[in-house]
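This report describes selected features of one protein chain.

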Amino acid sequence: MALIYFYDSTELDKKHLSDALAETDHSWEFIEDKISNDNINQDAEVISIFVTSSVTRQMIEAMPRLKLIACRSTGFNNIDFDAIKEKGITVVNVPTYGESTVAEYAFTLLLALQRKIPEVLAAENQQFSPQQLNGHDLDGKTFGVIGTGHIGQKSIKIANGFSMKVIAYDAFPKNELQDSLNFKYVNLDQLLEESDVISLHTPYLPATHHIMNSERLNKMKAGSILINTARGELVDTKSLIEVLDSGRIGGAAIDVVEGEALLNHHEETALLRSEVLPEEVFRHSVEISVLKKMPNVIVSPHNAFNTVEAIQRINVTTAKNIMNFWYGDTPNKVEPIKKPIGKLLVVRHAESEWNATGQWTGITDVHLSEKGFKQSALLGQSLKNIGIKVDIAFCSEQIRTRETLEGVLNASQQFDVDITPNSSLNERDYGDYTGKNKWEIRDLLGEEAFNDIRRGWDVPVPNGETLKMVYERVVPFYLDKILPLLAEGKNVLIVAHGNSIRALMKFIESIDDSDVGELEMIFGQIVIYSLNGEGKKIDSLVAKINTTLPNA
């Protein structure tokens, strides 16, 4: 017999759960509020929560008899898993309950936005011309799905029913579904650029935080629509407001938003009464207020799950989870989410004094030019706009990479990042060509031989290095020193040289020896890699600055 506390309980929850547990010898209490330090019972052996509650270490330590946390949701990142692991407490969830429910709601929001349903319903009491109520067909439009789990797959089926063309992006694609569900996987950039509607159905993980950031929102097709019924933290709200306000995209329909608890009147009132107003909470409050006033936005209060049928499935599964646990059966047990691979950010040093004069610099130590220092600051501002926190940074032993790196970090206001120089990232040694003008060497050797030396894989330089030799020092360093940091979830910034970066990109992007000459030099760019466990590219994002401006 267990003492169970159900938090966030509605009248429907109470009925479903009481009916499901009626034949057991467990005892239970229903608490309508979310869990807090003030309403826990130290004798509770089971607690059950909805997504509106968060279980902290302090709460866990105050319930020494706690054995099970039963989430009435699919998500479980609202629990302190470090504390759970220490105490040996089991966590279970409801893995599937509403793929149809949430997908149907996503299309409800889409149709409401595309056909101006709020304005249509208000037309009886307000003056609207037929032109003001003009909507848009879905037939023939391109529907882009980010995340092809259960809900994403159901959304694809519904989109097919509207005769839409469907494309999808998933970090872990299920290629076997493409034919049976009539859609095509594409990379994320292509999805952003081609979709008339983008619907988010990916789980929220550290790796997907702000997957729709400023760069990606600005890559969306002009006039397109964003639908979010997944998690508010997938979208950078401030950047969303900017692209909506500018008319860059046509509209947004969102059921989830950062700081969404503030959609609740009581939470807003508590915020006003608070003596301490956290900056992040205040910002989210303003963002939500702005979104609700925008004419091309629909905001609903995390309601996509909310049907009688879905809630019953949630509660019945929760009751079974609790009963099964007592008999040693936990099919819906969840484990803490492993830290995702961190982001790898790669930057080529800005213009050096010898770059400015066209000299082959190699391992010679020269400083940045005045223009180079300005480029570093612009790269740093771009990094700040992207919003990625750098945990550790590496550069070569040449001063121009150190100066670039410090400029980037200072301009992005990341002043406490550890910087480690390493000779493995040094520029290619150009031997006898060092200090000579590149274009004079081109005239001397001819265009073809010149390009072979600059971009070829194993083309010798008198008393210098080939790109292959650079590769043989860069890649082991990457695998031995950088990849373990990425595996810990740390974001790593590398500032290096054209050739050491090309060598690294060859490995990360699995480029053949014969094709390495086609790799573009990344002047004035930050390349941000999402990687798998072997350090290979899953996806990448490129942020560029304008290096042609006189003040760049």
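Two strands count as paired if DSSP finds at least two bridges between them. Helices (H or I, at least four residues) and strands (E, at least two) are DSSP runs, numbered from the N terminus. The model is predicted: local features need pLDDT of at least 70 and side-chain atom pairs count only at pLDDT 80 or more, while totals for chains, interfaces and linings use all residues. Residues are numbered from 1 along each chain as its sequence is written, and side-chain values use heavy atoms, with hydrogens and water left out.

Arg-348 has Ala-496 of S16 as its bridge partner. Contact here means heavy atoms within 4.5 Å.

## The sheet of five strands

A further open sheet has 5 strands in the order S2-S1-S3-S4-S5, with parallel pairing. Its edges are strand S2 (27-30) and strand S5 (90-92); each has a single partner strand, so one side of each is left without a neighbour in the sheet. Neighbouring strands are turned by 15° against each other on average, direction ignored.

Strand S1 (residues 3-6) and S2 pair in the parallel sense over 4 bridges, and the bridge partner of Phe-6 in S2 is Phe-30. Helix H1 (residues 11-21) lies across S1 and S2, running at about 180° to S2. Helix H13 also packs on the sheet, where H13 touches S1, S3, strand S4 (68-71) and S5, and the direction of H13 makes about 160° with that of S4.

| Helix pair | Axes come within | Crossing angle |
|---|---|---|
| H15 (residues 370-386) and H16 (residues 399-411) | 7 Å | roughly 40° |
| H17 (residues 438-445) and H18 (residues 447-455) | 6 Å | roughly 130° |

Angles under 35 degrees count as roughly parallel, over 145 as roughly antiparallel, 65 to 115 as roughly perpendicular and the rest as oblique. H15 and H16 are therefore oblique to each other, and H17 is likewise oblique to H18.

The crossing of H15 and H16 is right-handed. A crossing is right-handed if the near helix is turned clockwise from the far one by less than a right angle, and left-handed if anticlockwise. The residues of the contact of H15 with H16 comprise 6 nonpolar, 5 polar and 2 charged. In these classes, Ala, Val, Leu, Ile, Met, Phe, Trp, Tyr, Cys and Pro are nonpolar, Asp, Glu, Lys and Arg are charged, and the others, Gly among them, are polar.

H17 passes H18 in a right-handed crossing. Lys-438, Trp-439, Ile-441, Arg-442 and Leu-445 of H17 meet Glu-447, Ala-449, Phe-450 and Ile-453 of H18. This contact has 6 nonpolar, no polar and 3 charged residues.

Val-55 is found in the loop between strand S3 (46-49) and helix H2 (57-61). At 2% relative accessibility, Val-55 counts as buried; buried means under 20% relative accessible area, exposed over 50%, and partly exposed in between (1.4 Å probe, protein chains only). Val-55 and Asp-80 are 25 residues apart in sequence and 6.3 Å apart in space, C-alpha to C-alpha. Beyond its neighbours within four places in sequence, Val-55 is in contact with residues including Ile-47, Ile-69 and Asp-80.

Most residues other than glycine have a negative phi. Lys-116, however, has a positive phi near 55°. Lys-116 is placed in the loop between helix H4 (99-114) and helix H5 (117-122) and, at 26% relative accessibility, counts as partly exposed. His-302 also has a positive phi, near 50°. His-302 lies in the loop between strand S12 (297-299) and helix H13 (308-325), and its 24% relative accessibility makes His-302 partly exposed.

How values were computed. Axes fitted to C-alpha atoms, helices over the stretch in contact; angles between N-to-C directions.
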